[in-house]
Each structure stands twice: as C-alpha cells, then as structure tokens.
Amino acid sequence: MRKTLIAGNWKMNKTPKEAIEYIQLIKNQVDREDVEVVLCPPYLVLQLAVEETRGTHIKIGAQNMYYEDKGAYTGEISPMMLKEIGVDYIIIGHSERRSIFKETNEMVNRKLLKAIEHQLTPIVCVGESLKQRQEKVTIDYIRMQIKIAFKGVSEAEAKKTIVAYEPLWAIGTGKYASKEQAEEVCGAIRKLIADLYNDDVSQQVRILYGGSVTSKNANDFFTQKNIDGGIIGGSSINEDFISLVNYGH
Ligand SMILES: O=C[C@H](O)COP(=O)(O)O
C-alpha cells in the first residue's frame, strides 16, 4: 500500500517572517498521520521550518541542491548541508530548473545519485511541453527523462524514489490535466519503471501529479489508481492548502 504524499513547492515565495507565520497558521490543520505532507520552502526558511514543524508529522523538503558535497561552487547548496539541518526530501529536476536554469537530464541523474548517497528522499520531476503533447511524443519524452535520471540507481533505491509527473502546460496556468490524462501518464510511468526494473519496484514507487492542483480538483487526482499524491505550487502558499491536504473530507 503506497502512502499518499502531498508536497507543497513554495518556489521563490515567502520571506522567513511570512513563512513562519504561515506555518504556524496551517500546521495543526495539515498534520495528518495517513498522508505524508512535505513543505518545500526556499532555502532560507528550511531550518526555521524544521524547527517549527517539530513534533508534527509534517516533513521538510528542499527545492534543489547541487550534486557535489562541497567545494568551489559559488551560490550552490550541498545535500550534506540540507541533511544536517533536518531536511528529508529533495525536489530534483523541476521543470523550472530545467527550463530557466538549463538543468539537463544528466544533471538530474547526478543529483539523484547524490541525494540517495545522503539519504535524502528524492522527488524527481518529469513532464512534457504542450508541443510534445500535441505531437504525441509525451510517453517517449518521459521515457527518455526517466531512463537517464535513474541511470546507476539500484533497485532498492529506486523503490524509495518518488516521481512527479508535471505536464509543463499545466504548471501555474490554471489549465490542469484531466484526471484521465494524468492517470494515463502516471500509469505509463509505472510501466516504464517496471520495464527498467521490475513489477515489485514499480508497485512501490510513488508517482505524484503536479500542475494547477487545488482543493477543488485534488480528490479527483489523488483517487486515481496510479496517482499517489501531488506536488502543489500556487495552492501550497495560501490557506487552500489546508482544504487540499484534507481532500475527500
Ligand atoms: O511544483 C509544483 C508545480 O510546478 C505545480 O505548480 P502549480 O500548482 O502552481 O501549477
């Protein structure tokens, strides 16, 4: 039985003061034992968020990291630093990292291997553009993203890795995929994992949907057979997140 996971990716939103006020406002209402809730605030807020959520079931994730432990990499953050302050999850290869900061599939692979080395739970993002969807190459494109990302990842580690399907055309646009479209691709991703590893791995990997998920449509997505939760942008930085986490109630 795969446990539902809801990750709030705050992106570049909230100052430390705003973040703490917000966490204090929502924490008791998003603290569910049956759902893994992960808050992914900006780097500056991570340590405060770890402290503020202590004693709850809420976990903290970072939105990015570099693929080296330390060294002359000005402006970067290492997995060791994240681990030491109590971060448990790491988003890798978000489409904004890929498109704005030119992260390649090879970099995603290096980050995934590094996250595993430091026992951070990776959330690896994949997804197609509108053009790719129109050209009907969605699954081929995602197959390539997954194949490269998982290169060198053992079966045991693959099981613990989380994959997030985020169609680029649905991110921050209000144009979410239909539950059928999302389920179709998440099902295909599970099949790709089975082809790369085996059925046991594919049945254990959690696959999330992301792209304009709100409290209004969360239940539709999260009750699909192959969708094990979501990665939430816009609706994770306001009170809609409370209703969203309590989907189906
Ligand atoms: O990481 C989250 C995704 O980019 C989705 O963002 P969104 O919910 O604002 O569409």
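These legends go with a set of close-up views of a predicted model.

**View 1. Two annotated residues, His 94 and Glu 166, share one spot.** The unreviewed UniProt entry puts the feature "active site" at His 94 and Glu 166. They span 73 residues in sequence, but no two of their C-alpha atoms are more than 8.5 Å apart, so they gather at one spot.

**View 2. A closer look at His 94.** His 94 has 27 other C-beta atoms within 10 Å, and 20 or more is enough to be called buried, so His 94 is buried. Setting aside residues up to four places away in sequence, His 94 touches Gln 63 and Cys 125.

**View 3. A closer look at Glu 166.** Glu 166 is in a loop too, the one that runs between strand 6 (162-165) and helix 9 (179-196). Glu 166 is buried, because 27 other C-beta atoms lie within 10 Å. If you skip its neighbours within four places in sequence, Glu 166 is in contact with several residues, among them Ser 95, Cys 125, Gly 127 and Ile 171. Gly 210, Gly 211 and Ile 231 are contacts of Glu 166 as well.

**View 4. The shell around the ligand.** There are 14 residues around the ligand, and the ones that come nearest are Asn 9, Ile 171, Gly 172, Gly 233 and Gly 234. Sort the shell by type and you get four nonpolar residues, nine polar and one charged.

**View 5. Strand 7 with its partners on both sides.** Strand 7 (residues 206-210) is mostly covered, with five of its five residues buried. Arg 206, Leu 208 and Gly 210 point one way from the strand, while Ile 207 and Tyr 209 point the other way. Strand 6 pairs with strand 7 in the parallel sense over four bridges; look for Ala 164, whose bridge partner in strand 7 is Leu 208. Strand 8 (residues 229-232) also pairs with strand 7 in the parallel sense, over two bridges. Here Gly 210 has Ile 231 in strand 8 as its bridge partner.

**View 6. Asn 109 in helix 5.** This view moves to helix 5 (residues 105-117), where Asn 109 lies. Asn 109 counts as buried because it has 22 C-beta neighbours inside 10 Å. Its contacts, leaving aside neighbours within four places in sequence, are Ile 148, Ala 149 and Lys 151. Glu 183 is 74 residues from Asn 109 along the chain, and their C-alpha atoms are separated by 25 Å.

Conventions: Residues numbered from 1 in each chain as written. Predicted model: local features only at pLDDT ≥ 70, side-chain atom pairs only at ≥ 80, totals over all residues. UniProt positions renumbered as here; feature names shortened; annotations may be inferred. Buried ≥ 20, exposed ≤ 12 C-beta atoms within 10 Å, placed from the backbone. Contact = placed C-beta atoms within 7 Å. Near = placed C-beta within 6 Å. Nonpolar A, V, L, I, M, F, W, Y, C, P; charged D, E, K, R; others polar. Pairing = 2+ DSSP bridges.
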